[in-house]
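Dear colleague,

Please find below the structure that I am handing over to you. My notes on what was found in it follow directly after.

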Amino acid sequence: CTIARIECLRCRRSAVREADGRSTATHRAHVRFPRGVPRPCSSLPLPVVVLYILVFSLSFLAGVLQNHARRNCIAIDMVTFDFEVMEEATYDVQPSHGVYVSGLFFEGARWSFDEGALAEARPKVLFETAPVLWLKPCDAAETARDTRFACPLYKTPERRGTLSTTGHSTNFVMTVRLPSRHPEDHWVRRGVALLTQLDD
């Protein structure tokens, strides 16, 4: 598989990428994906990556930063993500740099396309589908004085996790900077966060 190592449950053979980028065994017929989710082996590179289908999303995001750092001959420690909310729900072409991601949910707020910023959640609505985000690698110094709301992104609504053997949290993914017409404390008191999946 072109994303990661996939072990086929039927024949117990591994799909391992060779150095030239070809898979020794893909076993597409044996790997099942949820309804509506494209098969990675047959449709990559994906124009929009659905973040919740990735088992280890942190490694994917780190790979995006590494590709940018190598392409521009800069240190990986000097690179971070900038964020742009996209207006369209789907895209047929990948961005010029970075990656489009979808499959996220807002808790405690929603996105207003009219205002181009975070807005109050609708009454009796706990979760709102987030629009497509463009994760753009950029120089970390450019975001040092960013005044946008630092919205945490979690895998689950529990908002807690433990440190894994890799040193990463098992639940926290990253911080997403989003435009807001209110100060940061306004959204912190409401417990606003982005989620990759819901309990139900």
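Leaving aside its neighbours within four places in sequence, with which residues is His68 in contact? They are Ile74, Val79, Pro137 and Cys138, where contact means heavy atoms within 4.5 Å. His68 itself belongs to helix α2 and is buried, its relative accessible area being 12%. Buried here stands for under 20% relative accessible area and exposed for over 50%, with partly exposed in between (1.4 Å probe, protein chains only).

Before the remaining findings, a word on conventions. Please note that this is a predicted model, in which local features need pLDDT of at least 70 and side-chain atom pairs count only at pLDDT 80 or more, while totals for chains, interfaces and linings use all residues. Residues are numbered from 1 along each chain as its sequence is written, and side-chain values use heavy atoms, with hydrogens and water left out.

Overall chain

The protein chain contains 3 helices and 13 strands; these are DSSP runs numbered from the N terminus, helices being H or I of at least four residues and strands E of at least two. Of its 200 residues, 38% count as buried. Among the contacts with a separation of 6 or more, 66% come from residues 24 or more positions apart. The chain exposes about 12500 Å², and carbon and sulfur atoms supply 50% of this area, as computed by the Shrake-Rupley method with a 1.4 Å probe.

Cysteines and backbone

The structure holds 0 disulfides, a disulfide being a pair of cysteine sulfur atoms within 2.5 Å. Cys138, one of the contacts of His68, is buried at a relative accessible area of 12%. Cys73, by contrast, is exposed at 71% and sits in the loop between α2 and β4. Most residues other than glycine have a negative phi. Cys73 has a positive phi, near 55°, and Lys124 likewise has a positive one, near 65°. Lys124 lies in the loop between β8 (117-120) and β9 (127-129) and is exposed, with a relative accessible area of 87%.

Leu195

Leu195 is part of strand β13 (residues 193-195) and is buried, with a relative accessible area of 0%. Beyond its neighbours within four places in sequence, Leu195 is in contact with several residues, including Gly103, Leu104, Phe105, Phe127 and Leu153. The C-alpha atoms of Leu195 and Tyr52 are separated by 9.2 Å, although the two residues are 143 residues apart along the chain.

Second largest pocket

This pocket has a volume of about 320 Å³. On a 1 Å grid over the protein atoms alone, a pocket is an open set of points where a 1.4 Å probe fits, with protein on both sides within 12 Å along at least five of seven lines; lining residues have an atom within 4 Å of a point. The volume is the space filled by probe spheres set on the points, which are joined across faces, edges and corners. The lining comprises 18 residues, and Leu65, Thr80, Phe81, Val173 and Met174 lie nearest the centre of the pocket. Two or more lining residues come from each of α2 (57-72), β4 (79-85) and β12 (172-178).

Yours sincerely
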